[in-house]
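Welcome! Open your viewer, get your selection tool ready, and let us take a walk through this structure one stop at a time.

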Amino acid sequence: MAEIPQPPGLPYIGSLFELDPKFTVKSLQRLGNIYGTLIYDIWIQKLNCLGPIYDLRILNISRIVVCNHELFDELCDENRFVKSVSGPLSQMRNLVHDSLFTAHPNEQNWGIAHRILAPAFGPVPIQEMFHGIYDIASQLVLKWARQGPSKPINVQDDCTRFTLDAVTLCTMGMRLNSLYSEEKHPFVRAMDGFMRESNYRAQRPHFVTRLLWWSRKQYDHDISFIRKFAKDLINTRRNNPTEDQDILNALIKGHDPKTGQQMSEESIIDNMVTFLIAGHETTSGGIAFLLYHIVKNQEVWQNVQKEVNDVVGSGRITSKHLSKLRYVTTCVRESLRLWPTIPVIAFKPKENHFPTTIGQDKFLIMPRQTVIALLPAIHRDSDIWGDDADEFRPERMTDENLSALPRNAWKAFGNGTRGCIGRPFAMTEMVLITALLAQNFDIDHDDPSHELNVDQIVTLRLRDFFLRVKLKPGLD
Ligand code: HEM
């Protein structure tokens, strides 16, 4: 058995100061490069045998970090490992308790919510949701068209407005109209504050959090605001019932096909908030990274425009077109490979009593030990993706190329039963908005020398990213 290397740290605090609280993922990756590689060379003394792995100790809690595909592949085996709700995710339980996203594997409410809600993301409901997504996407196009070619557009801000409006309209029938407002929606402000503080809390000693009474007060305020916002949406629907087959009706009226149970009031709020957060934050970052890459590389952008022209022409895009936009789909996948907006997923051994191993019996994993999979590193493992793994090359993400890859090579939407329930919704949003923009605009970076500036508030998104858009000839 090999020992898992550990970055040196201070007593109790461990490696806390090695982490940049504003971009934890980058710090984790940096530590992986230093310590994971060290054991790789010196202790195992064999190249191409095992990839980076290290034991990160913070505040006396150990988390094993895995940074390559070979080890990650073992973690994805649901017979041996389950989701671990730890770090920022366990802090998020302060807001959404045992919701779909944050439930521990054994919690009953996960099963009830999953069985009630999974059908609401099936192919037929997604077709219905397409119209809502199209409606909001058209608002974004109109807004950008009105800005004219001389005004730089803050892409991340508008993507957040788009995805928040789309998820509330499609899943709850509610129009927030945040694309019409210059101010951030108060829900977004409260959610930003809550997520940032959850991230910080996961990295600081409990007693420090207790001492910071002003941030505790703000945190509690954000939680109350978000829950009240969700409760008001539910009450509005209860007072104005509809026959829509949307998520809100599924939450309010649905019966668990296994137990016949309905969801409790608390659980309805927990899951509504979960959809509002998970359903917009992830996709808004996803679209911003995608636009960054495809516009940075004008050849890719021209290919996108050509495909949209060939498949749709200048007419209205329909849901039937989406599956034919193969190149656009490869761009979305490739962007999520480089920048999976949920950058870490955590596992623990399924068996609570006996240690298990990974790395073909090389590394011992103790019962209840959290193992963090660092997706941006795993998605760039050169053994799988080659020496140009850091480059944006959509061609590698065709259906044929993907199916030729080893299993679990691309896991932007998570693993197995705890994988993303909103994946079809997110893919529809990302392909549709890209196609609509390509149909309408010539787009360029405001500052072509601009480098990626990544922000992390649990999920990844872009900071200071501006584009200039010009209506295509004939449309202006
Ligand atoms: C779970 C990624 C969009 C709702 C997950 C997980 C990942 C993920 C990696 C697993 C997390 C874990 O294991 O801890 C993404 C990405 C998205 C996206 C990259 C966009 C590009 C959405 C959307 C919705 C959504 C649009 C809802 C409308 C959820 C929910 C779960 C989840 C409820 C928890 C599922 C469960 O544990 O049963 N997502 N997601 N996501 N996602 Fe998404």
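Predicted model: local features only at pLDDT ≥ 70, side-chain atom pairs only at ≥ 80, totals over all residues.

**Stop 1: Pro394**

Select Pro394, which sits in the loop between helix H16 (382-385) and H17. Helices (H or I, at least four residues) and strands (E, at least two) are DSSP runs, numbered from the N terminus. Is Pro394 buried or exposed? It counts as buried, because it has 23 C-beta neighbours inside 10 Å. Now show its contacts; two residues are in contact if their C-beta atoms, placed from the backbone, lie within 7 Å. Leaving aside neighbours within four places in sequence, Pro394 is in contact with Val300, Tyr327, Thr330, Cys331 and Glu334.

**Stop 2**

Next, select Cys420, in the loop between helix H17 (399-403) and helix H18 (423-440). An unreviewed UniProt entry places the feature "binding site" at Cys420. UniProt positions are given in the numbering used here, feature names are shortened, and annotations may be inferred rather than shown by experiment. Cys420 is partly exposed, because 19 other C-beta atoms lie within 10 Å. Not counting residues up to four places away in sequence, Cys420 touches Phe413 and Gly414.

Now show the ligand. Which residues come nearest to the ligand? Of the 27 residues around the ligand, they are Gly279, Thr282, Gly414, Cys420 and Gly422; a residue is near a molecule if its C-beta atom, placed from the backbone, lies within 6 Å of it. Helix H11 (265-296) and H18 are the elements that give two or more residues to this shell, and H11 has the largest share, with 7 residues. Colour the shell by type and you will find 15 nonpolar, 10 polar and 2 charged residues. Here Ala, Val, Leu, Ile, Met, Phe, Trp, Tyr, Cys and Pro count as nonpolar, Asp, Glu, Lys and Arg as charged, and the others, Gly among them, as polar.

**Stop 3: Ser99**

Select Ser99 in the loop between helix H3 (87-96) and helix H4 (108-117). Ser99 is buried, because it has 25 other C-beta atoms within 10 Å. Leaving aside neighbours within four places in sequence, Ser99 is in contact with Asp270, Asn271 and Thr274.

**Stop 4: helix H6**

Move to helix H6 (residues 155-172), which has 18 residues. From its first C-alpha to its last, H6 reaches 25 Å, close to the 26 Å expected at 1.5 Å a residue; the expected span is 1.5 Å times one less than the number of residues. H6 is largely enclosed by the rest of the structure, because 17 of its 18 residues are buried. After H6 comes Gly173, whose phi is positive, near 65°.

**Stop 5: the strands**

Select strand S5 (residues 344-349), where 6 of its 6 residues are buried. Val344, Ala346 and Lys348 point one way from S5, and Ile345, Phe347 and Pro349 the other way. Two strands pair if DSSP finds at least two bridges between them. Strand S3 (residues 81-83) runs antiparallel to S5 and is joined to it by 3 bridges, with Lys83 opposite Phe347. S5 also pairs with strand S8 (residues 370-374) in the antiparallel sense, over 4 bridges; there, Ile345 stands opposite Ala373.

Then look for an open sheet of 3 strands in the order S4-S12-S9, with antiparallel pairing. Its edge strands, S4 (153-154) and S9 (441-445), each pair on one side only.

Finish at the hairpin formed by S10 and S11, with 1 residue between them. In the turn, Val458 has a positive phi of about 75°. The bridge partner of Asp455 in S11 is Arg461.

Terms used
Residues numbered from 1 in each chain as written. Buried ≥ 20, exposed ≤ 12 C-beta atoms within 10 Å, placed from the backbone.
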